[in-house]
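Please examine the protein chain shown below. The briefing that follows is grouped by topic.

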Amino acid sequence: MNGTFNFLIGFGKSRFGEGEDLEANILDIRANITPGITYFLNSKLALNANVGQLRYNRRRERLDIDSEPENLDQDYGVSFDLNTFSLGLQYFLRNGSD
């Protein structure tokens with residue numbers, strides 16, 4: 001059994017409005033843990049399968065004007081949807097001290 005932890009952070013700008021004259025600064029933070037199982041085929045090669053997700057997402061948009069209105073979205077939860085399934089092949093580098 002294993003768990004894969006991912007932490008992602010992103011930022012950027014979005015333009016909107018008539019003539020795209022308004023601009024918003026965006027900050028996006030995501031963290032998730034995906035449980036899985038690893039099966040070693042030999043000492044260097046393994047199959048890895050993950051399904052499910054425990055997640056937290058936060059997105060902040062702030063208008064780039066004097067009053068700086070802010071929009072904040074937060075989402076967290078557990079998902080076992082089919083689109084959370086992944087299957088992979090891993091190759092392990094070892095220092096020769098098997």
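Along the sequence, the protein chain follows the pattern β-β-β-β-β-β, with 0 helices and 6 strands. Helices (H or I, at least four residues) and strands (E, at least two) are DSSP runs, numbered from the N terminus. This is a predicted model, in which local features need pLDDT of at least 70 and side-chain atom pairs count only at pLDDT 80 or more, while totals for chains, interfaces and linings use all residues. Residues are numbered from 1 along each chain as its sequence is written, and side-chain values use heavy atoms, with hydrogens and water left out.

**Strand pairing**
- Strand β4 (residues 53–63) pairs with strand β2 (residues 22–40) in the antiparallel sense over 10 bridges; two strands pair if DSSP finds at least two bridges between them.
- The bridge partner of I33 in β4 is L54.
- β4 also pairs with strand β5 (residues 70–79), in the antiparallel sense and over 10 bridges.
- R59 stands opposite D73 in β5.

**Burial and contacts**
- Of the 98 residues in the protein chain, 16% are buried (under 20% relative accessible area, with exposed over 50% and partly exposed in between; 1.4 Å probe, protein chains only).
- Among contacts (heavy atoms within 4.5 Å) between residues at least 6 apart in sequence, 52% join residues at least 24 apart.

**Exposed residue**
- F7 lies in strand β1.
- F7 counts as exposed because its relative accessibility is 53%.
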